[in-house]
Amino acid sequence: SSSTGSIHPLMAERDIIIDIFSRMGFTSVESREIDDDYHMFTSLNFPDGHPARDDYDTFMTDEGLVAPAHTSTMQNRVLKKYKKNLEAGEPIAVIVPDRVFRNEDLDARHEHTFYQIEGVYVNKNVTVGNLISTIQEWLSAYYGKEVKTKIQPFYFPFTEPSFEFAASCIFCEGKGCNVCSHSGWIELGGCGMIHPNVLKEGGIDPSVYT
């Protein structure tokens with residue numbers, strides 16, 4: 001923060017996160033605070049009427065627009081905009097750290113407005129191993145100490161395979177404490193390999209790129 005206190009703590013943390021990813025070769029892109037059904041759901045492989053659409057408890061306007069419930073709403077735009085990187089032999093490497101909105105009841109683990117980081121990396125021969133190592137490298141840089149990660153199978157319409165990932169608790173170093181419910185792990189979010197249908201929708205050949 002600054003000496004005048006003019007920088008909001010969340011924005012300062014956002015800048016730190018962007019800086020780490022920038023050093024890892026990622027470009028940062030802003031999300032939107034209002035978007036359409038296509039970018040929020042359809043472009044991300046959510047079929048019409050799919051129950052997964054209901055999982056997001058989305059804020060809707062009378063005109064049918066949505067307040068993005070995830071920064072994945074930018075993924076189709078990112079794929080199309082940076083497709084030229086692939087044609088030049090370079091990867092698509094983008095993060096979208098921004099606010100998202102969900103129609104949630106407030107409690108210790110839920111909030112209607114919070115920050116989320118979407119990460120998109122596309123190239124030839126990208127694997128789940130690359131995904132895990134990227135997350136682990138970012139977390140270790142952010143916390144300034146080695147952070148272990150683990151994943152377990154999950155389901156998202158826009159990734160296949162899909163996972164939830166957890167990090168070793170930085171407070172007890174994995175020994176177990178009140179913060180991690182004595183498990184030694186803190187759940188942080190979802191991840192996975194971009195679904196072939198999402199790549200196709202972005203104009204990218206999933207038989208060549210992952």
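Is histidine 182 buried or exposed? In this predicted model, histidine 182 has a relative accessibility of 56% and therefore counts as exposed, since the cut-off for that class is over 50%. The residue is found in the loop between strand 7 and strand 8, the latter covering residues 185-194. The backbone of histidine 182 has a phi near 60°, which is a positive value in a residue other than glycine.

A positive phi in a residue other than glycine also occurs at asparagine 45, where the angle is near 75°. Asparagine 45 is placed in a loop as well, between helix 2 (37-40) and strand 2 (59-60). Its relative accessible area is 23%, so asparagine 45 is classed as partly exposed; the partly exposed class lies between the limit for buried, under 20%, and the limit for exposed, over 50%.

Helix 5 runs over residues 128-143 and contains 16 residues. The N-terminal end of helix 5 is capped by threonine 127. In this cap, a side-chain oxygen of threonine 127 lies 3.2 Å from the backbone nitrogen of glycine 129. Within helix 5, the residues Ile135, Trp138, Leu139 and Ser140 are buried. After helix 5 comes glycine 144, with a positive phi near 70°.

Strand 6 consists of residues 149-154 and includes phenylalanine 154. The relative accessibility of phenylalanine 154 is 42%, and the residue therefore counts as partly exposed. Leaving aside residues up to four places away in sequence, phenylalanine 154 touches Ser162, Phe163 and Glu164. For one of these residues, glutamate 164, a separation between C-alpha atoms can be stated: the C-alpha atom of glutamate 164 is 6.0 Å from that of phenylalanine 154, although the two residues are 10 residues apart along the chain.

Strand 7 spans residues 159-168, and proline 161 has its place in this strand. The peptide bond that leads from glutamate 160 to proline 161 is cis, and its omega is near 0°. The loop that holds histidine 182 lies between strand 7 and strand 8.

Notes. Residues are numbered from 1 along each chain as its sequence is written. This is a predicted model: local features need pLDDT of at least 70, side-chain atom pairs count only at pLDDT 80 or more; totals for chains, interfaces and linings use all residues. Side-chain values use heavy atoms; hydrogens and water are left out. Helices (H or I, at least four residues) and strands (E, at least two) are DSSP runs, numbered from the N terminus. Buried means under 20% relative accessible area, exposed over 50%, partly exposed in between (1.4 Å probe, protein chains only). Contact means heavy atoms within 4.5 Å. The expected span of a helix is 1.5 Å times one less than its number of residues. A polar contact is a pair of N or O atoms within 3.5 Å; within protein, one must be able to donate a hydrogen and the other to accept it, and residues adjacent in sequence count only if both atoms are side-chain atoms.
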